[in-house]
Every structure is written in C-alpha cells, then in structure tokens.
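Please look over the structure below.

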Amino acid sequence: MGYIEDIRKLVGHRPLILVGAAAVISDDRGRILLQERRFPENFWGIPGGLMELGETTEETAKREVREESGLEIDQLRLLGVYTGSTGSRGYSIAQNGDQYCAVTIAYYTRTFRGMLIVDPSESIKFEFRDPADLPEHLLKSSQLILQDYFSKIKD
C-alpha cells in the first residue's frame, strides 16, 4: 500500500494537500507525449502522478512516467510549480470522493528511451502529438502546464 492510501485510511475523504510531479516529454520533431487517461474517461494529459514518501519530485516524475508509459526519462528541467484546482482556490474531487488540492511540480525533457507500454489500469494509449494538433479533451492542469511550456521553451 502506498503513502496516499495510508493517509486516506486516517483522514477519509477530507481535503488534503497532495504533491505530485509531471513531465512534458518532447521528441526530436517537437511533438509532445500525451496520455489518454482511463480516468477521467476520454481525457488526455501529460504523464505524472503523486509523490511517495522519501522521493524527490524528480524521482516522482521519472517513476510515474516509467510506471505509466514504460519510458525512462532523464535530464529533467524545471518548468514550473502549479497549485490549486486547475487555477481556482477550490478543491478537486477524485472519482472516489476524495478531496484534494494539488501542488504539481512540472518538468520537461527531450531525453527518453525505451518503448511505450500502456498500463491499462491508468491509460488507454499514448501518442506523440504536434502542438497544433492537441486533443480537444485535455485536462485543465495539463493545458496550463503545456501553455507555459509552449510560451517559455524553444525546442
């Protein structure tokens, strides 16, 4: 059982501040790796997830990408720190009713290796997408991170 599950046993669905990390991964053509997520259904986002006790945020980003996609990433550069519920001061509510306020540390990299392997418990598929051809149903948090990436980073 993971750290978050242990905490949830103690506090139930009450609001928590949760720290996570995400990674914008671009290929040599400037396309961005996107994940079609299982939850929320029909939504896309960049790979990432919640920190486990004892990890650095860089380790969290690397682990989450590896677990979700099978890719190993390296040479992470800090993009930004994002707080709140997609730009508001309210809580997000998970599918199971858990309330949380996320603090996400976003990184970017062009260094990756391995073959894409989908974890069916979290993902439907992965695709490298051109910035001009992003999916319509993109998570708000991923939209904000990608907006910053496209405005700040010149590949």
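Is Lys125 buried, partly exposed or exposed? Lys125 has 33% relative accessibility, so it counts as partly exposed. Keep in mind that this is a predicted model.

**Salt bridges**

Side chains of opposite charge can pair when their charged atoms come close. Here the count comes to ten salt bridges. Three of them are listed below, each with the distance between its closest N and O atoms.

| Salt bridge | Closest N and O atoms |
|---|---|
| Arg31 and Asp27 | 2.6 Å |
| Glu55 and Arg63 | 2.5 Å |
| Glu127 and Lys125 | 3.2 Å |

How accessible are the partners? Glu127, the partner of Lys125, is partly exposed at 25% relative accessibility. Arg31 is partly exposed too, at 21%. Glu55 and Arg63 are both buried. These two also belong to a network of salt bridges that links Glu55, Arg63, Glu64 and Glu67.

**The largest pocket**

Now turn to the open space. The largest pocket has a volume of about 1500 Å³. Its lining is made of 43 residues. Arg37, Phe39, Gly49, Leu50 and Tyr100 lie nearest the centre.

Which element gives the largest share of the lining? Helix 3 does, with five residues. Other elements each supply at least two residues, including helix 1 (3-11), strand 1 (16-25) and strand 8 (99-109). By type, the lining divides into 16 nonpolar, 15 polar and twelve charged residues.

Conventions. Residues numbered from 1 in each chain as written. Predicted model: local features only at pLDDT ≥ 70, side-chain atom pairs only at ≥ 80, totals over all residues. Heavy atoms only, no water. 1 Å grid on protein atoms, 1.4 Å probe; cavity = no way out; pocket = protein on both sides within 12 Å on 5 of 7 lines; lining within 4 Å. Points joined across faces, edges and corners; volume = space filled by probe spheres on them. Helix = DSSP H or I, 4+ residues; strand = E, 2+ residues; numbered from the N terminus. Nonpolar A, V, L, I, M, F, W, Y, C, P; charged D, E, K, R; others polar. Salt bridge = Lys/Arg side-chain N within 4 Å of Asp/Glu carboxyl O. Buried < 20%, exposed > 50% of the residue type's maximum accessible area, 1.4 Å probe, protein only.
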